[in-house]
Amino acid sequence: MAMAKVTVDWHRHLVRTLSDLNNGGLLLSSVSPMGKPNAMTIGWAAFGVMWGRPTAVVMVRPSRFTYECIETTRDFAVNVPYPRLSEAVKFCGTKSGRDLDKFTECSFTPLPIEGVRSPGIAECAVTYYCRVLHKNDVQPRELDEEVVRTCYPTGDYHRYYYGEIVAVVADPDFGQ
(Lines give C-alpha, C1' and ligand atoms only; values in the text may rest on other atoms or scores of the structure.)
Protein backbone atom coordinates (compact mmCIF):
# COMPACT_ATOMS: atom_id res chain seq x y z
CA MET A 1 0.00 0.00 0.00
CA ALA A 2 1.29 3.46 -0.92
CA MET A 3 2.18 5.92 1.80
CA ALA A 4 0.07 9.03 2.12
CA LYS A 5 1.32 12.17 0.42
CA VAL A 6 2.71 14.98 2.54
CA THR A 7 2.37 18.72 2.01
CA VAL A 8 5.70 20.35 1.15
CA ASP A 9 6.97 23.87 0.43
CA TRP A 10 6.36 24.81 -3.20
CA HIS A 11 10.09 25.01 -4.00
CA ARG A 12 11.28 21.86 -2.18
CA HIS A 13 11.44 19.65 -5.30
CA LEU A 14 11.91 22.39 -7.90
CA VAL A 15 15.38 21.30 -9.10
CA ARG A 16 14.14 17.77 -9.74
CA THR A 17 10.93 19.09 -11.31
CA LEU A 18 12.86 21.24 -13.79
CA SER A 19 15.26 18.41 -14.58
CA ASP A 20 12.37 16.02 -15.29
CA LEU A 21 10.61 18.69 -17.36
CA ASN A 22 13.61 18.74 -19.66
CA ASN A 23 14.15 14.95 -19.61
CA GLY A 24 10.97 13.14 -20.53
CA GLY A 25 8.40 15.68 -19.42
CA LEU A 26 5.82 16.22 -16.75
CA LEU A 27 2.09 15.51 -16.70
CA LEU A 28 -0.37 18.38 -16.71
CA SER A 29 -3.68 17.22 -15.28
CA SER A 30 -7.05 18.87 -15.57
CA VAL A 31 -10.71 17.95 -15.49
CA SER A 32 -13.32 18.32 -18.22
CA PRO A 33 -16.55 20.28 -17.80
CA MET A 34 -18.21 16.86 -17.31
CA GLY A 35 -15.84 15.97 -14.45
CA LYS A 36 -13.59 13.58 -16.43
CA PRO A 37 -9.92 13.78 -15.34
CA ASN A 38 -7.37 14.24 -18.11
CA ALA A 39 -3.58 14.20 -18.39
CA MET A 40 -1.31 15.75 -21.00
CA THR A 41 2.47 15.52 -21.33
CA ILE A 42 4.32 18.84 -21.15
CA GLY A 43 7.93 19.64 -21.89
CA TRP A 44 7.68 23.41 -21.53
CA ALA A 45 6.83 25.25 -18.30
CA ALA A 46 8.22 27.82 -15.89
CA PHE A 47 8.16 28.07 -12.12
CA GLY A 48 8.85 31.16 -10.03
CA VAL A 49 7.31 34.05 -8.18
CA MET A 50 4.88 36.44 -9.88
CA TRP A 51 2.72 39.04 -8.17
CA GLY A 52 4.32 37.96 -4.90
CA ARG A 53 2.95 34.41 -5.27
CA PRO A 54 4.55 31.08 -6.18
CA THR A 55 3.52 30.30 -9.75
CA ALA A 56 3.69 27.67 -12.43
CA VAL A 57 3.30 28.83 -16.02
CA VAL A 58 2.15 26.21 -18.50
CA MET A 59 1.42 26.48 -22.21
CA VAL A 60 -1.51 24.76 -23.90
CA ARG A 61 -2.54 24.96 -27.54
CA PRO A 62 -6.22 25.77 -28.25
CA SER A 63 -6.45 22.56 -30.29
CA ARG A 64 -5.86 20.43 -27.18
CA PHE A 65 -8.60 18.93 -25.00
CA THR A 66 -6.72 20.25 -21.95
CA TYR A 67 -7.30 23.79 -23.23
CA GLU A 68 -11.09 23.52 -22.89
CA CYS A 69 -10.65 21.86 -19.49
CA ILE A 70 -8.53 24.70 -18.07
CA GLU A 71 -10.71 27.34 -19.71
CA THR A 72 -13.69 25.86 -17.85
CA THR A 73 -12.19 25.15 -14.42
CA ARG A 74 -9.49 27.87 -14.30
CA ASP A 75 -7.17 25.46 -12.51
CA PHE A 76 -4.71 22.66 -13.26
CA ALA A 77 -2.13 20.41 -11.60
CA VAL A 78 1.47 19.75 -12.64
CA ASN A 79 2.70 16.25 -11.78
CA VAL A 80 6.26 14.93 -11.62
CA PRO A 81 6.17 11.29 -12.76
CA TYR A 82 8.57 8.59 -11.65
CA PRO A 83 10.78 7.09 -14.40
CA ARG A 84 8.68 3.90 -14.28
CA LEU A 85 5.80 5.95 -15.76
CA SER A 86 7.74 6.83 -18.92
CA GLU A 87 5.40 4.81 -21.18
CA ALA A 88 2.35 6.51 -19.67
CA VAL A 89 4.00 9.91 -20.17
CA LYS A 90 4.61 9.04 -23.84
CA PHE A 91 1.03 7.80 -24.19
CA CYS A 92 -0.41 11.01 -22.69
CA GLY A 93 1.66 13.00 -25.17
CA THR A 94 0.30 11.17 -28.22
CA LYS A 95 -3.39 10.58 -27.44
CA SER A 96 -6.27 12.99 -26.92
CA GLY A 97 -8.57 13.04 -23.92
CA ARG A 98 -11.38 13.77 -26.36
CA ASP A 99 -11.01 10.23 -27.69
CA LEU A 100 -10.31 8.19 -24.57
CA ASP A 101 -9.94 8.30 -20.82
CA LYS A 102 -6.20 8.63 -20.20
CA PHE A 103 -6.56 8.14 -16.44
CA THR A 104 -8.19 4.75 -17.05
CA GLU A 105 -5.81 3.78 -19.88
CA CYS A 106 -2.75 4.60 -17.74
CA SER A 107 -4.20 3.28 -14.45
CA PHE A 108 -3.85 6.72 -12.87
CA THR A 109 -5.59 7.41 -9.57
CA PRO A 110 -7.07 10.92 -9.27
CA LEU A 111 -5.60 12.76 -6.29
CA PRO A 112 -8.03 15.52 -5.29
CA ILE A 113 -7.34 18.47 -3.05
CA GLU A 114 -9.76 20.98 -1.62
CA GLY A 115 -10.16 24.18 -3.62
CA VAL A 116 -8.85 22.88 -6.97
CA ARG A 117 -11.14 20.92 -9.28
CA SER A 118 -8.28 19.41 -11.32
CA PRO A 119 -6.95 16.26 -9.65
CA GLY A 120 -3.34 15.36 -9.24
CA ILE A 121 -2.05 11.92 -10.18
CA ALA A 122 -1.42 9.72 -7.13
CA GLU A 123 1.20 7.60 -8.93
CA CYS A 124 3.43 10.65 -9.45
CA ALA A 125 6.10 11.75 -7.00
CA VAL A 126 5.05 15.40 -6.67
CA THR A 127 1.93 17.39 -7.57
CA TYR A 128 1.67 21.18 -7.82
CA TYR A 129 -1.97 22.31 -7.61
CA CYS A 130 -2.57 25.62 -9.35
CA ARG A 131 -5.35 28.17 -9.67
CA VAL A 132 -5.21 30.36 -12.79
CA LEU A 133 -4.29 33.96 -11.98
CA HIS A 134 -3.82 35.16 -15.55
CA LYS A 135 -3.84 33.88 -19.10
CA ASN A 136 -2.64 35.30 -22.37
CA ASP A 137 -1.85 34.14 -25.87
CA VAL A 138 1.49 33.96 -27.63
CA GLN A 139 1.84 37.00 -29.85
CA PRO A 140 3.36 35.74 -33.13
CA ARG A 141 4.60 39.20 -34.16
CA GLU A 142 6.58 39.46 -30.93
CA LEU A 143 8.08 35.97 -31.15
CA ASP A 144 11.56 35.16 -32.44
CA GLU A 145 11.32 34.10 -36.09
CA GLU A 146 13.22 30.86 -35.51
CA VAL A 147 10.82 29.90 -32.69
CA VAL A 148 7.88 30.59 -35.01
CA ARG A 149 9.47 28.48 -37.74
CA THR A 150 10.45 25.54 -35.53
CA CYS A 151 7.64 25.45 -32.94
CA TYR A 152 4.63 26.85 -34.80
CA PRO A 153 4.76 25.70 -38.43
CA THR A 154 0.96 25.32 -38.49
CA GLY A 155 0.23 28.47 -36.49
CA ASP A 156 -1.33 26.65 -33.51
CA TYR A 157 0.02 29.13 -30.94
CA HIS A 158 -0.12 28.39 -27.24
CA ARG A 159 -2.05 30.09 -24.49
CA TYR A 160 -0.02 30.76 -21.34
CA TYR A 161 -1.69 29.92 -18.04
CA TYR A 162 -0.13 31.56 -15.00
CA GLY A 163 -1.19 29.44 -12.05
CA GLU A 164 -0.73 30.31 -8.43
CA ILE A 165 0.67 27.22 -6.73
CA VAL A 166 -1.85 26.81 -3.90
CA ALA A 167 -0.61 23.44 -2.62
CA VAL A 168 2.17 20.93 -3.27
CA VAL A 169 2.07 17.30 -2.18
CA ALA A 170 4.79 14.69 -2.52
CA ASP A 171 5.64 11.18 -1.53
CA PRO A 172 7.37 11.45 1.86
CA ASP A 173 10.45 9.50 0.70
CA PHE A 174 10.86 11.28 -2.66
CA GLY A 175 14.26 12.89 -3.03
CA GLN A 176 15.74 11.11 -0.03
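**View 1. Pro-140 is partly exposed, at a relative accessible area of 34%.** Partly exposed means between buried (under 20% relative accessible area) and exposed (over 50%), for a 1.4 Å probe and protein chains only. This is a predicted model, in which local features need pLDDT of at least 70, side-chain atom pairs count only at pLDDT 80 or more, and totals for chains, interfaces and linings use all residues. Residues are numbered from 1 along each chain as its sequence is written, and side-chain values use heavy atoms, with hydrogens and water left out. Pro-140 sits in the loop between β9 (126–137) and α5 (145–151). Helices (H or I, at least four residues) and strands (E, at least two) are DSSP runs, numbered from the N terminus. Setting aside neighbours within four places in sequence, Pro-140 contacts Val-148 and Tyr-157. Contact means heavy atoms within 4.5 Å. Leu-26 is 114 residues from Pro-140 in sequence and 26 Å from it in space, C-alpha to C-alpha.

**View 2. Cys-106 is buried, with 15% relative accessibility.** The loop between α4 (102–105) and β7 (110–113) holds Cys-106. Neighbours within four places in sequence aside, Cys-106 is in contact with Ala-88, Phe-91 and Cys-92. Ala-88 lies 18 residues from Cys-106 in sequence; in space, the two are 5.8 Å apart, C-alpha to C-alpha.

**View 3. His-13 lies in the loop between β1 (6–7) and α1 (14–22).** His-13 has a relative accessible area of 7% and is buried. Residues up to four places away in sequence are not counted here: His-13 touches Val-8, Val-126, Tyr-128, Ala-170 and Phe-174.
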